[in-house]
Amino acid sequence: MKKIALITGATSGIGKASAQILASNGYDLIITGRREELLNNLSVCISNETEAEVLSLCFDVRDLNQVEKAIGSLTGKWEDIDLLINNAGLAVGLGPVHSGVIDDWERMIDTNVKGLLYISRLISSRMVAKGVGHIINLSSIAGHEAYPNGAAYCASKHAVQAITKAMRIELLPFGVKVSSISPGMVDTEFSIVRFKGDKERADSVYKGLTPLYASDIAEAILFMVTRPKHVNIDEMLIMPTDQASARDYRRQ
Ligand code: NDP
Ligand code: 8X3
């Protein structure tokens, strides 16, 4: 029987690339996000190009009612999730705490921390009951380092690291794997979202260097999920060759 992966934030970037690579490697998929049309497009595309069955669930991970309704709607084989990729996340704004935009902080914390916890609560309990499963959390270099003007985003990704570590220990007795993956800069919609649609500013982030691409992270996720049963990749930190820390770049 084919394994089932649930990927949050599959409408774009890393989540979309992960959906595509997992579909090509024997998984059936539950893809989620807020933009229904993009979910439908991806579903059609994957169904045309691979053998995978795809189920779309459109919801906002920040809204506990929506999360409970969406996960509660799963029936039959779709209830039996083998792999959860907690990928939905974002940065909003870039500025110091002393002049910070509180709504930006709330969007980041509600999505990156609370949303991830809501989904994990519902899916990990099923994995515990089965005694098998794998959860991969999208962290960031911002989960390892703090940088000026990124306090709330860095805090949210440090929280993802803490949640991953705690869940790894909690789920140890149940044989459920838990991993985190921490990329440096990846060229996705991430910077457009961070700069609230300012494409020119978003493009300047990647100017003069070669960033990571979503497919680089999807390939690493595929590596994680194809290890033998006795191997858990606890953590992966992946940087572009042109980036050595959250603040050190080589631009040419
Ligand atoms: P994208 O902006 O391309 O994709 C983000 C995805 O998250 C979208 O599919 C979006 O879907 C979804 N999402 C955002 N908010 C919500 C929400 N409230 N409810 C449901 N889904 C939501 O960015 P990336 O692919 O780059 O980001 C994926 C993850 O990787 C994030 O957790 C990010 O923090 C992390 N990351 C990114 C890095 C980068 O440089 N790009 C580096 C390190 C980590 P929709 O809008 O349809 O809801
Ligand atoms: C995204 C990478 O360096 O913008 O998580 O925080 S960074």
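Predicted model: local features only at pLDDT ≥ 70, side-chain atom pairs only at ≥ 80, totals over all residues.

Modeller: Residues are numbered from 1 along each chain as its sequence is written, chains are lettered from A and ligands numbered from 1 in the order written, and side-chain values use heavy atoms, without hydrogens and water.

Colleague: Which residues are closest to ligand 1?

Modeller: A residue counts as near if one of its heavy atoms lies within 4 Å of the molecule. Ligand 1 is surrounded by 29 residues, and the closest are T11, S12, R34, Y153 and T188.

Colleague: How far is an oxygen atom of ligand 1 from an N or O atom in the side chain of T188?

Modeller: A polar contact is a pair of N or O atoms within 3.5 Å; within protein, one must be able to donate a hydrogen and the other to accept it, and residues adjacent in sequence count only if both atoms are side-chain atoms. For ligand 1, a polar side-chain atom of R35 lies 3.0 Å from an oxygen atom, and the side chain of Y153 comes to 2.8 Å. For T188 the distance is 2.6 Å.

Colleague: What share of ligand 1 does the protein bury?

Modeller: Accessible areas come from the Shrake-Rupley method with a 1.4 Å probe; for residues, only the protein chains shown count as cover. Taken alone, ligand 1 exposes 880 Å², and the buried share of that is 96%.

Colleague: Which residue of the shell around ligand 2 has a polar side-chain atom 3.2 Å from an oxygen atom of the ligand?

Modeller: The shell of ligand 2 consists of S140, I141, A142, Y147, Y153, F190 and R194. The contact at 3.2 Å belongs to R194.

Colleague: How many salt bridges does a search of the whole structure find, and which residue pairs with K2?

Modeller: Side chains of opposite charge can pair when their charged atoms come close. A salt bridge is a side-chain nitrogen of Lys or Arg within 4 Å of a carboxyl oxygen of Asp or Glu, and the search finds 12. In one of them, with closest N and O atoms 3.2 Å apart, K2 pairs with D28.
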